[in-house]
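Thanks for coming. I will go through one model, starting with a pair of side chains and ending with the sheet.

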Amino acid sequence: ARGAIGAGAQWADTALILPSNAPTQWTNLFTGAKVEAMPRSGKRVLNLSQALDSFPVALLFALENDDER
């Protein structure tokens with residue numbers, strides 16, 4: 001799809017499917033924004049509309065692994 005990337009992009013429901021044991025809390029190291037993985041259709045996903053909301057690239061760092069709580 002062609003169009004804007006980053007702020008103003010039309011990502012709709014596009015998501016990155018994560019492993020089931022992936023952390024739910026992430027920080028974008030470029031922007032400091034917090035991104036949260038959400039359940040969708042039995043899978044854990046990161047919504048690209050959230051991850052790429054203010055910058056067209058995200059370098060995500062896991063804040064905590066849910067299995068380690």
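Phe55 is partly exposed, at 36% relative accessibility. For that term, buried is under 20% relative accessible area, exposed is over 50%, and partly exposed lies in between, with a 1.4 Å probe and protein chains only.

Before going on, the conventions. This is a predicted model, in which local features need pLDDT of at least 70 and side-chain atom pairs count only at pLDDT 80 or more, while totals for chains, interfaces and linings use all residues. Residues are numbered from 1 along each chain as its sequence is written, and side-chain values use heavy atoms, with hydrogens and water left out.

On confidence, pLDDT is the predictor's own score for each residue, from 0 to 100. The protein chain averages 84, and 78% of the residues score at least 70. Among the elements, strand 6 has the lowest mean, 88, and strand 2 the highest, 96.

How many aromatic pairs does the rule give? The count is one aromatic pair. The rule takes rings of Phe, Tyr and Trp (its six-membered ring) with centres within 6.5 Å; planes under 30 degrees apart are stacked, over 60 edge-to-face, and the rest tilted. The ring centres of Phe30 and Phe55 are 5.8 Å apart and the planes are at 55°, so this pair is tilted. Phe30 sits in the loop between strand 2 (25–28) and strand 3 (34–36), and Phe55 in the loop between helix 1 (48–51) and strand 6 (60–64), so to speak distant parts of the chain, 25 residues apart. Phe30 is partly exposed as well, with a relative accessible area of 48%.

Now the fold. Of the 69 residues, 25% count as buried. The accessible surface comes to about 4800 Å², with 54% belonging to carbon and sulfur atoms; the areas are from the Shrake-Rupley method with a 1.4 Å probe, and for residues only the protein chains shown count as cover. Taking contacts as heavy atoms within 4.5 Å, residues 24 or more positions apart account for 64% of those with a separation of 6 or more.

Three strands form an open sheet in the order 1-5-4, paired antiparallel; two strands pair if DSSP finds at least two bridges between them. Which strands stand at the edges? Strand 1 (15–18) and strand 4 (38–40) do, each with a single partner strand, so one side of each has no neighbour in the sheet.

Strand 1 and strand 5 are joined by four bridges, and Ala15 is opposite Asn47 in strand 5. Strand 4 and strand 5 (residues 43–47) run antiparallel and are joined by three bridges. Here Met38 faces Val45, and Arg40 faces Lys43. The two strands make a hairpin with two residues between them, and Ser41 in the turn has a positive phi of about 50°.

Last, Pro19, in the loop between strand 1 and strand 2. Pro19 is partly exposed at 49% relative accessibility. Pro19 and Lys43 are 24 residues apart in sequence, and 7.9 Å apart in space, C-alpha to C-alpha.
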